[in-house]
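Work through the exercises below with the sequence and the model open. Try each task before you read its solution.

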Amino acid sequence: MGRRLGLCAVFMFLVMIAAACGGSSATDPASTPADEGAETEPTEGTTGEFEEMTLNLGHAIAADETSHYHQGALKFKEIVEEETGGKVTIEIHPNSALGGEREMIEGLQLGTLDMVFTSSGPVGNFAPLSNAFDFPFLFRDREHAYAVLDGEIGAEVAEQLEGVGIKLLAWAENGFRMITNNRRAIVNPEDMQGISLRTMENQIHIQAFEDYGGNPTPMAFNELYTAMQQGVVDGQENPLAVIIPSKFYEIQNHLTLSSHVYSPAPLLISKALYDDFPPELQDIFVRAAEEMRDWEREFIADLTEQYIQTALDEGMEIVSEEEFNYEAFFEATQGVYELYQDEYGEIHERIWAVE
Ligand code: EAX
């Protein structure tokens, strides 16, 4: 891991040098010669009063045809490049190529990365209000989550992020998180006893899995596959849209359809970069992000049955939603709500009041 970290540090240093040499992105457009004669006319309705630029967008998941982040990023790229007549190019970097999610979000603040499509998990380290969304069994269903995220409460978290140099373009979806492990079927909280479970770098998740009796191990996503392969952790928890494209079925044999946390996936951009955009370009980016958000949510819904079938075909033993002891886990979750009552009690009351 030390070697990988060393290489990553070298890459990020080189990226910072490139950014410091000017240009409005980690990839300086001046160093990306436009194709000769590739006249790019902005689509009608835009004055095109912004420079040609290439923006780098990072995410943590494989560049797979069933990967929600990658297909969502491609959809966003398609819309922005069309709406700007090709004057803006989005370069997508999947598979944590630009670092872990927390590292990439830091890159937005440093100006070494332009955009990141991430889980909300690490976001609470930058905007604590975002942690309110990461509590177990908080949202009744996806429609309830959308109503909260796309409404005033989602906007309040976005405002807190702007205060630390991060512009949220839209709340897309990571999905309802499920538990996988190599030790046993997880039906009741007691089944978590002694299981070393990787969690995101998120204090709410760490506390919740301690309350369930597990041994939570926070870790960046890009370290997870190797950690499970080497037995450093017994299991992890993620939405099916992460578990299947990441091929976790190769090294995990138990899957519980727990839906214990709903994970939003914000599309974020460096606020300093966004603030430099003329209003019409800002509008293009927000509209493209919202269109992608709606498309990506449907993309996941349409693939859910296929994800489960793939898990079965690949030999995973599945505890169904009906077999999972929701009541017992919900009861065990009350501790984390009580522990954080002062910080998040009020916003949770508002979230539960949203129809
Ligand atoms: O954003 O770290 C995680 O488990 C996230 O859900 C994953 O990176 C997708």
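The exercises go from the whole chain to single residues.

The model is predicted: local features need pLDDT of at least 70, side-chain atom pairs count only at pLDDT 80 or more, and totals for chains, interfaces and linings use all residues. Residues are numbered from 1 along each chain as its sequence is written, and side-chain values use heavy atoms, with hydrogens and water left out.

**Exercise 1. The whole chain**

Task: State how many helices and strands the chain has, and what percentage of its residues count as buried.

Solution:
- Step 1. Count the elements. Helices (H or I, at least four residues) and strands (E, at least two) are DSSP runs, numbered from the N terminus. The chain has 12 helices and 10 strands.
- Step 2. Apply the burial cut-offs. Buried means under 20% relative accessible area, exposed over 50%, and partly exposed in between (1.4 Å probe, protein chains only). Of the 355 residues, 55% count as buried.
- Step 3. Look at contacts, meaning heavy atoms within 4.5 Å. Take the contacts in the chain with a separation of 6 or more: 75% of them come from residues 24 or more positions apart.

**Exercise 2. Strand S7**

Task: Decide whether strand S7 (residues 235-239) is enclosed or open, and find which strands are joined to S7.

Solution:
- Step 1. Check burial. In S7, 5 of the 5 residues are buried, so the strand is largely enclosed by the rest of the structure.
- Step 2. Sort the side chains. Gly-235, Glu-237 and Pro-239 point one way, Gln-236 and Asn-238 the other way.
- Step 3. Find the partners. Two strands pair if DSSP finds at least two bridges between them. Strand S4 (residues 166-181) is joined to S7 by 5 bridges, and the two run antiparallel. Strand S5 (residues 196-199) has 2 bridges to S7, and this pair runs parallel.
- Step 4. Name residues that face each other. Met-178 is opposite Asn-238 in S7. Leu-197 has Gly-235 as its bridge partner in S7.

**Exercise 3. Salt bridges**

Task: Find the partners of Arg-177, Arg-287 and Lys-167, and say where they sit.

Solution:
- Step 1. Set the rule. A salt bridge is a side-chain nitrogen of Lys or Arg within 4 Å of a carboxyl oxygen of Asp or Glu. The structure holds 14 of them.
- Step 2. Take Arg-177. Its partner is Glu-237, with the closest N and O atoms 2.7 Å apart. Arg-177 lies in S4 and Glu-237 in S7, so the pair ties together parts that are 60 residues apart in sequence. Both residues are buried.
- Step 3. Take Arg-287. Its partner is Glu-83, with the closest N and O atoms 3.9 Å apart. Arg-287 is in helix H10 (residues 279-313) and Glu-83 in helix H2 (residues 68-83), 204 residues apart. Arg-287 is partly exposed at 39% relative accessibility. Glu-83 is partly exposed too, at 24%.
- Step 4. Take Lys-167. Its side chain meets that of Glu-162 at 3.2 Å, N to O. Lys-167 counts as buried at 15%, while Glu-162 is partly exposed at 29%.

**Exercise 4. A buried Asp**

Task: Find what surrounds Asp-64, and which side chain of opposite charge is nearest.

Solution:
- Step 1. Locate Asp-64. It lies in the loop between strand S1 (53-59) and H2.
- Step 2. Look for a charged partner. Lys and Arg count as positive and Asp and Glu as negative; His and the chain ends are not counted. Asp-64 is buried yet has no salt bridge, and the nearest side chain of opposite charge, Lys-247, is 4.1 Å away.
- Step 3. Look for polar contacts. These are pairs of N or O atoms within 3.5 Å; within protein, one must be able to donate a hydrogen and the other to accept it, and residues adjacent in sequence count only if both atoms are side-chain atoms. The side chains of Asp-64 and Thr-66 make one at 2.5 Å.
- Step 4. List the neighbours. Not counting residues up to four places away in sequence, Asp-64 touches His-70, Gln-71, Pro-245 and Lys-247.
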